[in-house]
Amino acid sequence: MCGIVGYVGHREACEFLLDGLRRLEYRGYDSAGVAITDQAGDVSICKTAGRIERLASALASSPLQGSIGIGHTRWATHGPPTEGNAHPHIGGERVVTICHNGVIENFQELKARLETEGYVFQSATDTEVIAHLITDCLEKESSESKVSDSVAPYASLVTAVKAALSQLRGTYGLVVMFRDHPGVIIAARLGSPLVLGIGDDEHFVASDASPLAGYTDKIVYLSDHQVAVITADSVRVTHRDHGEVRHSVENLQVDATDVDLAGYPHYMLKEIFEQPESIKNAMRGRLCEDDATAMFGGLNLTPQQLGSVNRIILTACGTSWHAALLGEYLIEEFARIPVEVEYASELRYRNPPVDPGTLVFAISQSGETADTLGAIREMKRKGHRTLAICNTVGSSIAQEADGGIYLHAGPEIGVASTKAYTSQCMVLSLLALYFGRMRHLSFDAGMRIINEFHALPSKVRAALQTDEESKRIAAKYSGANNFLYLGRQYNFPTALEGALKLKEISYIHAEGYPAAEMKHGPIALVDEATPSVFIVPQGFVYEKVLANIEEVKARGGPVIAIVEHGDTRVAALADDVISVPSVAEFVQPIVSAIPLQLLSYHIALMRGCDIDKPRNLAKSVTVE
Ligand code: G6P
C-alpha cells in the first residue's frame, strides 16, 4: 500500500525513480510524484493525480535533473487522491521533503500543535505532519546541538528525525531529503517495509526488492525501528532508540526479467501462465520419496515440538485466506489435526484460548499485510509458535515469524493473486502430507500423494489450454451483473476464490458458496440473467453437486460447469462446460482454479477494466 523509492548516486535519479515506481505501482496507483535535488541543492517536485504514466508524461515535458531523489505512488488513506495530496510533501520552508507509506494515528493532535507553532498545512494527508515535525525537530536540534556533524556525519539530522519519529503513533516507511544537506537521504521504517540497494557509489531505497532488479543484486532489509543514513558512498543503519546496528547485505533473488511483461498484455495473464513453473518451484526439493513425505528447511521446530502439535491456526486475508481454507480440509484429512482458519483482522483482536500445542501459520503472498502481521504478533505475544507461508523473501511477516516456508513463485505483480494462490495451495498440500506422515498416514498413502504432486505441473499446463474456451464463455456472459460460484468440500474454497477473482477485476457482483448451502439464501438470486459457475470434478460429492446443478436449472439459471475431461453427465445438464484434466480430488482445486482465473480475466478484459490495477484495490495492504 503505497510504494516508495529513493536514489543517491551518480546517474540521473529520475530514471531509477520512474522505473522503480512503475514496478511498485501494484502497491497503489491513485497519484504519484517525485522530488529531485539538483546540483545547486534546490529541490524540485513533480506530482500528478492518477497513474505513473501521467507522472512520466509530466516529467517528459518538464524533466527534473539531479542525482538524488525520492518518489512515491499512492493508495489514498487520508485525503482524496488529488495532486495536492500526492507525495512528496514538504516541511517548513522546503526544509525537508518526504515520502511516506503507512498511517499516522495521532496526526490530528500533532497537526493542531504544529499549527499553533505557525506551520501551514497544504494537504489533507497525515504524512505532512511528519514533514513539519522533522523540520521542527531540526530547528530545535540546530539551536541546541552539541554534536558536530564532522564528528558523526549527519548526526544532527539523525537526531532530529529520531526525535520526530518517537512522537508518531502508527506505521511508517519513510524517506527524507534535506534542503541544507543535499547529499543525503534518511530512510526509516516501522510497520511498513523498506529495503536498501547497495551499488557502486550509488544507493537505492524501495518498498520492496522489485525496483532494484537490474540495478544491483545487493540488498539490505531494514527492520522495524531502524533508521538508515544513505549517501552515494555510504550506508549507516542505526536503531531509533539505540546506537548503530550492523546490517547484513544479502543477495537479491529477483531478476529484471521476473518483473517485466515478457510479451504478455497483462501481468495477470503472464502470472496465470507461469503456474506450471511456480507450482513446480513450490515443491522443488521438498518431496522425499525415501520416506514418502515432504520436507521443509525453515520450520525451525524440533521433531518433538512438531510431534506435540495438537491444533493449527491458519490466518490470512483475501485470496490467501481461501488457500488457508483449503489447507484446513487437507490437514484435517491427512493429519487428523484440528485446524481453524481465521481472518487475520479478526484474530488479532480476539482472545482465543492459548494452548501450548497450538501452531499458528500466517499465510501471505506479500508478507506485508498489516492485519496478518498484527495477528502473528498477537499470537506470539500469547506464547504461540508462529510460522509464515510467504512469497516475498525478507518480508515483514517472514522476519517476524519463528520460521516458515517460502512459495518461490517469483514476484507477483498483478493485483489479483493467481500464481501465489496455487502455490499457497501447493505448500499447504505438502504440509498436510508432512503432518500426515508424522501421524497415521501410511508409507503407501504418502507415495500415492507424492505421485499426484509430481504429475500436477503438467496437468496445470494442460488446464491452461482452456484459455480459448474460457474466452468464448466470457463473451457469452460478460454482460451479467451477478454471478454465483458453487463448489463443495475441497472446491468450496475454489468457489470463493473464483468469485473473488471476478469481483476484483471486473467489478461484477459475485458470491462464492458451498453448493448445497446455496439453498439457504443465494438461490433467491437465481434467474435467467445470473450465471452459476459450478466446480464439479469427479469425487465423493459429485452426485450431490449434480443435484445442486439441477436445482439451479429448475429455476432457469444458466450454468457454467468446470468438469473433468470426459464428463458427459454434467455436459448434458450445464449450458457451458470447461473441462480440465483428471487429478486426485485433493489437488483438483489447483487445476480447477486455472479456468476460473482465465474466465475472470477475459470477462474483465471484455468489460474494458484495468486488469492489473483494479479500482480501489492495492496488492499489498499495509494499513488496517
Ligand atoms: C489484498 C490483495 C489480495 C490479497 C490480500 C492478502 O487485498 O488485493 O489479492 O489476497 O491483500 O494479501 P497477502 O499479500 O497477505 O496474501
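Biologist: Two strands pair if DSSP finds at least two bridges between them; how many residues stand between the strands in the hairpin of strand 2 and strand 3?

Modeller: There are 5 residues between strand 2 and strand 3 in that hairpin, and among them Gly41 takes a positive phi near 90°. The model is predicted: local features need pLDDT of at least 70 and side-chain atom pairs 80 or more, whereas totals for chains, interfaces and linings use all residues. Residues are numbered from 1 along each chain as its sequence is written, and side-chain values use heavy atoms, without hydrogens and water.

Biologist: In which sense do strand 2 and strand 3 pair, and over how many bridges?

Modeller: Strand 2 (residues 31–37) and strand 3 (residues 43–49) are antiparallel and share 7 bridges. Within this pairing, Val34 has Cys46 of strand 3 as its bridge partner. Strands (E, at least two residues) and helices (H or I, at least four) are DSSP runs, numbered from the N terminus.

Biologist: And the 7 strands that form an open sheet: in what order do they come?

Modeller: The order is 5-6-7-8-12-13-14, with antiparallel pairing. Strand 5 (89–91) and strand 14 (244–245) are the edge strands; each has a single partner strand, so one side of each has no neighbour in the sheet.

Biologist: How many bridges join strand 5 to strand 6?

Modeller: The antiparallel strands 5 and 6 (residues 96–101 for strand 6) are joined by 3 bridges. One of the residues to look at is His89, whose bridge partner in strand 6 is Ile98.

Biologist: Which two residues does the cis peptide bond join?

Modeller: That bond joins His87 and Pro88, with omega at about 0°. Pro88 belongs to the loop that links strand 4 (68–74) to strand 5.

Biologist: Which strands does helix 5 lie across?

Modeller: Helix 5 (residues 155–165) lies across strand 7 (172–178), strand 8 (181–190), strand 12 (226–230) and strand 13 (235–239). Helix 5 runs at about 30° to strand 8.

Biologist: Now the domains: what does the assignment give for the protein chain?

Modeller: The assignment, automatic or from a database, gives domain 1 (3–258), domain 2 (261–441) and domain 3 (462–614). Between domain 1 and domain 2, the C-alpha centres are 32 Å apart. The contact (heavy atoms within 4.5 Å) involves 12 residues of domain 1 and 10 residues of domain 2.

Biologist: Where is Asn300, and what is its phi?

Modeller: Asn300 sits in the loop between strand 17 (293–294) and helix 8 (303–307). Its phi is near 55°, which is positive although the residue is not glycine.

Biologist: Turning to helix 19, at what angle does helix 13 cross helix 19?

Modeller: The axes of helix 13 (residues 419–438) and helix 19 cross at roughly 170° and come within 10 Å. The two helices are therefore roughly antiparallel (over 145 degrees; under 35 is roughly parallel, 65 to 115 roughly perpendicular, the rest oblique). Helix 13 contributes Tyr421, Thr422, Cys425 and Met426 to the contact, and helix 19 contributes Ile590, Ala593 and Gln597.

Biologist: What about helix 15 and helix 19: how do their axes cross?

Modeller: Helix 15 (residues 467–477) and helix 19 (residues 588–606) have axes that come within 8 Å and cross at roughly 45°. That makes helix 15 oblique to helix 19. Axes are lines fitted to C-alpha atoms, for helices over the stretch in contact, with angles from 0 to 180 degrees between N-to-C directions.

Biologist: Which residues of helix 15 and helix 19 meet there?

Modeller: From helix 15 they are Asp467, Ser470, Lys471, Ile473, Ala474 and Ala475. Their counterparts in helix 19 are Pro595, Leu598, Leu599, His602, Ile603 and Met606.

Methods:
Two strands pair if DSSP finds at least two bridges between them.
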